Amino acid sequence: MAAFRAPPRKGENFELSADLNSEYKEKRKDAIKRVIANMTVQKDVSGLFPDVLKNMQTDDLEQKKLVYLYLMNYAKTQPELVILAVNTFVKDTDDPNPLVRALAIRTMGCLRAEKIIDYLCDPLQKCLRDENPYVRKTAALCVAKLYDLKPELVIENGFLETLQEMIADSNPMVVANTVAALTDIHIAAAAAGSNTEVFVITSAVLNKLLIALNECSEWGRVAILNALGRYETHDDRESEHICERVVPQFQHANASVVLSAIKVIMIHMRSVRSETLTKQLVRKMAPPLVTLLSNPPEVQWVALRDINLLLQKRPDILSNEMRVFFCKYNDPLYVKVEKLDIMVRLAGPNNVDALLSELKEYASEVDVDFVRRSIKAIGQTAIKIDEAAERCVNVLMELIGTRVSYVVQEGVVVMKDIFRKYPSTYEGVIPTLCANLDELDEPEAKASLIWIIGEYANKIDNADELLGIFVDSFTEESYPVQLQTLTAVVKLFLRKPDTSQGLVQRILNTATKDCDSPDVRDRAYIYWRLLSTDPGAAKAVVLAHRPPISLPRTTVSPALLEELLGEIPSLASVYHKPEETFVGRGRIGADAIPKGGSEKLSRPLLLASKPRTCSTSTTLPPTMDSSQPVLPQQPYSPRRLQLRTCFRGHQATRWTTWYRYLAIRVSGPMRHHHLHLASHRHISTLSVACLSVDNPCHQLLR
Amino acid sequence: MAIDGLVILDSTGRPIVQSGFRSTSPAYPLLHIEALNDALSKAPRPADADPVLYVPNTGIDGPSACCHVKRGELRFLGLMSGDTDPLYVFAFLETFISILRDYFGQLSAETLKENFDVVYQLLEETLDAGGHPSTTSINALKDIVLPPSLLSKVLSVAGVSGLASPGTNSHPFASPIPWRKVGVRYNSNEIFFDVAEELKAVVNKNGGIIVSSVWGKVHTNCRLSGTPDLLLSFSNAQPLTDCSFHPCVRLQRWSRDKNLSFVPPDGRFILMEYKYTPGGVHHVAVPFALKASVDCEVNGGSFDVALTSRLTTKVLENMNVELYLGEGATSASCVVSNNTSWNFDPRTRILHWNIKAVSPSSSFSLKGTFSSTAEQPRPSHAFRARFEIPQHSFSSLKVDQLKITGEMYKPYKGVRGRSTGDVEWRW
């Protein structure tokens, strides 16, 4: 930028002004170039407006373009001056050269100055019926821009009807751009709250679109495919017809065309009844998806996010292609992460060995974050495929044997998940895990090991000794570790009451007196009360049978999945979030969301239970799925709603705390069956879960 | 669907070119640039920054996002708002970059600054203000935006700019085929096909192939007069799978009999891309073998690598083997075979070993040590080897014949193969 800053500004503009008025053509053109150069580095050259304008009437198309560029830049700030240019514009729309006509109409559409718009309609009318397709196509897009500025002008002049006629144009380029313009207007009208559908796709329109699809540019194809996705078919024959016509687009070189075509197929396949055709379509989807992975990493990433979504709906698409997703060590992290997720999704008994040896390889990589995710993936594989669990555990033990700190920590966390899925199966590894106790410094790893010790307290001879270490350092630990220690000690006490009486007394004392977390204190009080009133009930609650965890097949709710699949490829499908949560015009707070149809949301329970002041919508997690709890979805029963209202004023920070209070208030003297009877089944499972585990499966699985 | 605009940043993250952003405030592109530079500085490696950045509060029309790619020293940003398809933006960026390459050759901040008037004209033509890409076919573009050339410079110095103006072409876009100009004339009619294949493979330490795939592209340079309609047939097209084609190819014909029927664009273009999947055998073999041992000690380590060609007649050229020596690696010292060279880049911490030519069944070795500030150095667990094999194709794809209809002449056809490889070899 410094290169442009040689002479003082005033002098430079003065010089430019002189050159712009020079009698030599070349000097004038050169001056215009310098003006534009200044403009692009954000220097103010608006003072030269009249001088530049004088150079607008010229035979030199390049010079004309540069002047237009200048006009577009300053039209917003100097609308009164632009009026001076109107005559030239209007004259240019009659120029014998189609390029000049198109340029003039395009520029007029871009000026966005109120005053010039009124002059736009007549030339636009003419250009929409121009003999040259390039002019027609440019004019079609101009209508959309006009609608953006002054919708009533478009309607008064009947431009919408003209556009609808232009769908039948002989030139595919014109058709495609008309479709794009109509779609833009359609969306703008819907956003403005208009009830009438601007762009209705009838079966006649459909046929025109299908014909133009094969002949226009890639951008046109995307526009047409998007329109096809909106079409509502009348019967399955029509759906089949669309699918058959769209399938060849899978072989287009442009990734955007390919994914848009896949979207159209996913939408219309819903109403295809023929089993064989469905199978055929699914089979044909695999090659283009694999091809997308030969693109640069940025494109790969978008494709991978969409593939992840597609697999949730149709796990069979890429069932034989897992190797394609193997990571290379120099893939960017964001690509590796997505590939890992997809690999686990594609894992089955027949390919699990290849997967495990890959994951083991990744676990020795350089990148710490990736190593952790690979270890997590081993755990997910174990949970997903029962027959491979033992092999996974062996790999994990090998990795823990390397004694690399973060490998060990992640390994312990993952082992806990495996114990949740296969209780009392791999107890043999517990001594190895406990041997690494000193290595652990992360709360999650510590908490996991403590959970394992508590759970298998009766099988670990020195459980009281091990837990004693954590009880000693109790007040220094983080809250999750404190909670876990508390629960584990109570479990130990219930299983071996004779040896751990002192330990439980000590921890209940410390937790209720010296701990500053209300969660920990509350839990300690509950345990204390349970143990002192009815040890039998305590056993039933604390040592309750826990539902086994499983790997969720989908990361979003089925309804949302359908919605997102209909939006492939788009930001919504890439982020795996409904569009309105991040591109809504206004902020959507927690209050607004249930009104918008709670079935659309993946986690109504969570959203509704957040404190009222917190707005959830506009903070979109960057790319990774947030690890929000995935709770079983159940509609609110009147009973629960009522309870919710009772506790709304309470300073509860997390839903677990609510339910804990709920449990105390509802059941008075803590009796397990009271708890069960008094409240909704759902609440009781939740409270039991949080009392005895406080590790709902959402913490285990992403 | 809206691409709000495009910004090109130089290597220091400052904008050198940006499109109009007429509907938004001037702060809009700046917010995106800031968000990008922020994300780049936060990422552990710049290449690890997410390719689609979400920019929550631009204060105009709700949030928007920014897609970015880096090519050479330049970074290209595509800004989008609303629920736009990021792939659409990436595809546009790729197209725009290839247009710039076609116009200016090598891309650098200098060339763009020098030719900013052409760049801006190209931006205007390729991206409509409504956010739709418009004319992106090189052939059509050259009709309306004149590439910078010696001729136009001479003419402008001589003061006869009217001659150089593309306005002389009174029939732009008159061609019924959007990718082909009308009235193309050549004295000798020739068409060249370059079949370029790339082997991408991952090999485990025992030499077993974990993944290997060959991706091919048919680069075409067409210099044919008039409007020729071509039919290209291959003698062995069956193992080509997962194909994608230039829009000029008639897809129905390919799915019927694996022949390519098309009216070619003028000049250079990529006719088709494919994946080569040999029948029967599951993998394409890697043309060399690597025996490596790496030992890590405290604050350093040693390595011993031997590379042997598995080819019997052809030569592997420009073999480049690299190993990332891990965080904290400071230096390396090696002993290598004759005719090979090595160097260590302390900035990227990558050790490079270059062998100009690996003749059939020859072997080379690399032995050395490295030192690191990390107590337990963790070099990457794989070598990356890249190489070229001229006059070779993994698929041995053969052009059977080229038929031409619609024109009277008999064209000369040239077919060439070349192969490259990018192999990850774990140790």
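Q: How many salt bridges are counted between domain 2 of chain B and domain 3 of chain B?
A: This is a predicted model, and its chain B has an assignment that gives domain 2 as 190-283 + 394-426 and domain 3 as 288-390. B:Arg384 forms a salt bridge with B:Asp422. Between domain 2 of chain B and domain 3 of chain B, the count is one salt bridge.

Q: How far apart are the closest N and O atoms of B:Arg384 and B:Asp422?
A: A salt bridge needs a side-chain nitrogen of Lys or Arg within 4 Å of a carboxyl oxygen of Asp or Glu. B:Arg384 and B:Asp422 form such a pair, with their closest N and O atoms apart by 2.9 Å.

Q: What area is buried between domain 2 of chain B and domain 3 of chain B?
A: Here 12 residues of domain 2 of chain B are in contact with 14 residues of domain 3 of chain B. Carbon and sulfur atoms give 55% of the buried area, and that area is about 1000 Å².

Q: What area do chain A and chain B bury between them?
A: Now for the two chains. The contact takes 87 residues from chain A and 87 residues from chain B. Carbon and sulfur atoms hold 56% of the area buried between the chains, which is about 8000 Å².

Q: Which three residues supply more than any other three of the area that chain A buries against chain B?
A: Together they supply 11% of the area that chain A buries against chain B. These residues are A:Trp219, A:Gln251 and A:Tyr329.

Q: How many salt bridges does the rule find across the interface of chain A and chain B?
A: One salt bridge joins B:Glu125 and A:Lys65, where the closest N and O atoms are 3.7 Å apart. Across the interface of chain A and chain B, the rule finds a total of five.

Q: Which helix of chain A gives the most to the side that touches chain B?
A: Chain A and chain B have 19 residue pairs in polar contact (both at pLDDT 80 or more). The leading element on the chain A side spans residues 25-40 and brings seven residues: helix α2.

Definitions and conventions: Residues are numbered from 1 along each chain as its sequence is written. Chains are lettered from A and ligands numbered from 1 in the order in which they are written. This is a predicted model: local features need pLDDT of at least 70, side-chain atom pairs count only at pLDDT 80 or more; totals for chains, interfaces and linings use all residues. Side-chain values use heavy atoms; hydrogens and water are left out. Contact means heavy atoms within 4.5 Å. Buried area is the accessible area (1.4 Å probe) that two parts lose on being put together, summed over both. A polar contact is a pair of N or O atoms within 3.5 Å; within protein, one must be able to donate a hydrogen and the other to accept it, and residues adjacent in sequence count only if both atoms are side-chain atoms. Helices (H or I, at least four residues) and strands (E, at least two) are DSSP runs, numbered from the N terminus. Domain bounds come from an automatic or database domain assignment.
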